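Thank you for making the time this morning. I would like to walk through one structure with you, taking it part by part and keeping to what has been computed from the atoms or taken from a record.

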Amino acid sequence: MKTKPSVKPPRLADRLFEWYCNNASIEDLHGDLEELFFRNLEKMSVRRAKWNYWRHVLSLIFSYALRRRKQRAAFHPYAGASAQTAMLLSYLKIGFRNLVRNKSYAVVNIGGLAISGAVGLMILLFIAHERSYDRYNSKADRIYRLNFEHRFGENHAHMATTPAMAASTLQQEFPEIESTTRFLDYGTYLVRAAEAKESIKEYHVLWTDSTVFKIFSLQVLEGNANKALADPYGVAISKRTAVKYFGNASALGKSLVLDNRIHAQVTAVFEDLPAVSHFHADMLISLAGDWPAAREARFSGFSNNNFNSYILLRPGADVHSLEAKLPAFVEKYNGPSKGGDFARLELMPLLDIHLHSQLRGELETNGDITYVYLFFAVAVFVLIIACINFMNLATAQSTQRAKEVGIRKVLGSQRGHLVRQFLLESFIITGAGFTVAIGLAQLLTALFSSILQKPLQLPLTEPWFYAALGVATGVVSLLAGAYPSFVLSGFKPVSVLKGRTSLRSNGVLRSGLVVFQFVVSILLMVGAFTVNQQVAYIQNKKLGFEKDHVLLVKDAYALRPNSGVYKTEAAKIPAVRSTTVSGFIPVEGGSDFPRRDRSFWKEGTQPSSDNLVNIQQWSVDFDYITTLGLDVVDGRGFSEDFPSDSAAVVLNKTGADRFGLGSDPIGKRIATFGGGRVPDFDHPVFFTVIGVVDDFHFSSLKENIGPLALFLGKSDGFVSIRFDGDPKPVIDKLEATWKRMAPGQPFQYSFLDQEYGRMYAGEQRLAKLFGIFAAFAVIIACIGLFALTAYTSQQRTKEIGIRKVLGASVASIVFLLSGEFTKLIVIAFVVAAPLAWVGVRWWLENFTYKVDIGLMVYAAAGLLVLVIAWLTTWYHSFRAASADPVKSIRTE
Amino acid sequence: MKGYIGEFEELVLLTIASLGENAYGVAIKEDIEMRADRDISLGALHSTITRLEEKKFIRSWLGEPTQERGGRRKRFFELTHQGKVALHEIKALRDELWKLSKATLTLAK
């Protein structure tokens, strides 16, 4: 026999043949071809043999035999698929069979991934929502807001507002600025259409320049955007406002009356601002003309920082070079800075405002990037907990799959194939989990929307949403499946098939992962407890005033000039103890609660940055101190018996200290510049201190109590009414009186404690969210633990049987089985406690007045997790422990 | 007549019968080529085999893999009862005709 070992049948023909036959069974035909080829080699030249091979291949390809075989193959389950797809389909089938066989395993994994996926989706929605603020502006990348920071003696302020002249002067001096606009917020207005009688309270009224439409992408529906606000008395209103006042008729040219004083004509209607805007104007009034706002807008000095100013850069202009020129600009108009004093303008990109700006004078309360990061971290951690469940369960039940792995390897599977198979299974589970997550998230959106006060909605109709989910499924299944698939595919077939399944050291890793899960759970739980305790602390803190049983009747200025009469009428109601009229209330935030501060100095010194005290200047009436329950510690409150009290002042303790009035402040005098909102530096005005009240929290507990001064004066924002007993009859009578005295004006009331609580809405929201997240984390971790105990106690069935035969009690075995997890949770607690301590301190640093978080909170969180974990392991431990040992030992 | 058998089909059937336990593709092909001195393509042969199998005249099974043929298994064939009946029928027909035409078919010397 001639040997021509190097000669092989022509490759191309082989390929053609295999390709053409696809999945039809051709093993025998192929064998025939090859045998024939080698036989031919002995008889003829290589060339001819090859030619013959080709001939036979072609004859087979066109033969009836092959046509029939292909037809038959078409009825095969994996018909029409290549070998690879066939394997893929087979993996899928095996994967599903495994899920169905281990139902609890499937439920735990899919459930965990679904819950964490839903939480993650919610958080991502929230983040996407927060990040989408102001992006509706087509020129967003060129719009900057001017921020102003200044220090003057002990007064330091960082504001979102600037002097009136800043924006327009900047535009004149720097050609790279294309346009500027300003907003002036004077608070709420009672508004009615000229012909109507009833007024409606409008919260979102801003005075602005005619350029506003050039800068912000407000879509003007009616009217001329360029001219609408150029003339005095012009007002542009949002579509919903137009509908509110004028129905479906065109609003253009109609008149609106604000606070019964300002008659404005509608010159434009614009589309409602999207929710994701850092301001929500419903009425934009022209700053042209000759009313107080307009006069303030023309003030050319570099003080009175009341304007939110925006600039629009020309395309291609360099913002950094502009910023570099700002110090010189400030110096030019504000004078050079002396000592520690300074003034500074800065540019804030429009898109940063919502998440990165919490300055004084914001148009609305903004979001906070810290919470965006925090929630993102929570989402990731919750997802990791679910992934850990998958990893732990997959490795724990690896004994069950070991035989399969062994046989697959014997049959020629390579490690790569097995890895692929297990990754595919992880993909199936993750995919199923995330599909359920969409449904769950849909249910949760309502809850989260109400907690976060944001209109969150799943973008179910957007293709990119599904694409993103697909990618996320891929990533998570890789994350969760990578480790188990490598462990499982690494079994040695010989030892596995002999029955020796080595779990090796992955028990340690599994314990580590369980510890990690509980570290996260304990952290979130401590977080939830802390935030809740701080919220409770805020509610119960002694504030220096009595917040309960005080009714606030809003917008008392609508009663003018009869607010005094209303007050006496209210005082006649039997349940009412005292009443007061003042716009200043110890609650902060929103345009409902105005603040006014002014610089004073102690009489006998020259005003300079060293002794000027920036102090809250509140106008109150005689009954303010009694009605709010302030504590007079020195001197007396205002009294009608002293006519000289019109030039008197009552300071809070901090105020008296700040002026350095010594141990006996009564009778000393403080001075300030005359003039209204615009100070008149030439005419100082003096006030005599007649009393000192104890410090009370008139601002958020996040801040120190500042200096405050009460003056007798007219300020009719609220009528505050202290009452006894049931508020309902009091409210009814107040409303009746209001209707009589201020016909057509809305009667609006609330309670002081309610308004106070509203200041901490953010914290209350956080408390709820943390509670929910902590609960989810613990639930997911515990269902993982539940399944894990099932497997471990199953593995130890024999051991338990032998222990029982040798006399162990059920209790001792339960204790033994639970003991292991107890150890893990103790370790988790030891790891989590210091981390939690750092986190808690970091968060509480926001507050000047904070609750003392004792060890109790940590102990409670740790114990709670321990108890929950015990309860989850209990079921399987107890079942294993109480099983009949005869059965467990006998079964092989 | 029940099943029609073509000339080549008959040849294949008889060859399978003659090869006994070693009746597989290449062996059948070589045997026919040797005896009949004609060139058969594998396609033609297997097509015929497929038809015979569908007529249930033969049945087949895969053998054990061996070192030869790249480890590929051979498909072996054997006659079924129906196959044998068919062969008998055609042989009977032929014999009858031979008998009848003995005089005419004598080869001239």
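This is a predicted model: local features need pLDDT of at least 70, side-chain atom pairs count only at pLDDT 80 or more; totals for chains, interfaces and linings use all residues.

Let me begin with the place where the two chains meet. There, 19 residues of chain A are in contact with 19 residues of chain B. On the chain A side, the elements that give two or more residues are helix H2, residues 27–43, helix H3, residues 46–61, and helix H4, residues 64–73. The largest share comes from H2(A), which supplies 10 residues. If we sort the chain A side by class, we find 7 nonpolar, 5 polar and 7 charged residues.

H4(A) packs against helix H3 of chain B, residues 42–54, with the two axes 6 Å apart and at an angle of about 55 degrees.

Let me now turn to a sheet in chain A. This one is an open sheet of 4 strands, in the order E15-E23-E14-E24, with antiparallel pairing. Which strands form the edges? They are E15(A), residues 576–582, and E24(A), residues 749–751, each of which pairs on one side only. Ignoring direction, neighbouring strands of the sheet are turned by 20 degrees against each other on average. Looking at one pairing in detail, strand E14 of chain A, residues 550–554, runs antiparallel to E24(A) over 3 bridges, and here Leu551(A) stands opposite Phe751(A).

Helix H22 of chain A, residues 727–741, lies across E14, E15, E23 and E24 of chain A, and runs at about 25 degrees to E14(A).

Elsewhere in chain A, strand E3, residues 177–184, deserves a moment, since the question of burial comes up. E3(A) is mostly covered, with 6 of its 8 residues buried. E3(A) pairs in the antiparallel sense with strand E12 of chain A, residues 307–313, over 7 bridges, and 2 bridges join E3(A) to strand E6 of chain A, residues 205–208, again running antiparallel. Leu184(A) takes part in both pairings: Leu184(A) stands opposite Phe307(A) in E12(A), and its bridge partner in E6(A) is Trp207(A).

Next come the annotations, which I take from the record as they stand. In an unreviewed entry, UniProt lists several transmembrane regions in chain A, among them residues 427–452 and 464–488. The chain over residues 427–452 is 100% helix and 0% strand, with its end C-alpha atoms 32 Å apart, while residues 464–488 are likewise 100% helix and 0% strand, with end C-alpha atoms 35 Å apart. The unreviewed UniProt entry also places "domain: ABC3 transporter permease C-terminal" at residues 377–490 and 772–885 of chain A. Residues 377–490 are 86% helix and 0% strand, their end C-alpha atoms lying 33 Å apart, and for residues 772–885 the values are 84% helix, 0% strand and 43 Å.

I will finish with two loop residues. Leu460(A) sits in the loop between helix H15, residues 415–452, and helix H16, residues 463–489, of chain A. Is Leu460(A) buried or exposed? Leu460(A) counts as exposed because there are 10 C-beta neighbours inside 10 Å, where the limit for that class is 12 or fewer. The C-alpha atoms of Leu460(A) and Ile438(A), which are 22 residues apart along the chain, are separated by 8.9 Å.

Ser45(A), in turn, lies in the loop between H2 and H3 of chain A, and Ser45(A) is exposed, with 10 other C-beta atoms within 10 Å. The C-alpha atoms of Ser45(A) and Leu712(A), 667 residues apart along the chain, are separated by 122 Å.

Note on methods:
Residues are numbered from 1 along each chain as its sequence is written. Chains are lettered from A and ligands numbered from 1 in the order in which they are written. Two residues are in contact if their C-beta atoms, placed from the backbone, lie within 7 Å. Ala, Val, Leu, Ile, Met, Phe, Trp, Tyr, Cys and Pro count as nonpolar, Asp, Glu, Lys and Arg as charged, and the others, Gly among them, as polar. Axes are lines fitted to C-alpha atoms, for helices over the stretch in contact, and angles run from 0 to 180 degrees between N-to-C directions. Two strands pair if DSSP finds at least two bridges between them. UniProt positions are given in the numbering used here, feature names are shortened, and annotations may be inferred rather than shown by experiment. A residue is buried if 20 or more other C-beta atoms lie within 10 Å of its own, exposed if 12 or fewer, and partly exposed in between; C-beta atoms are placed from the backbone.
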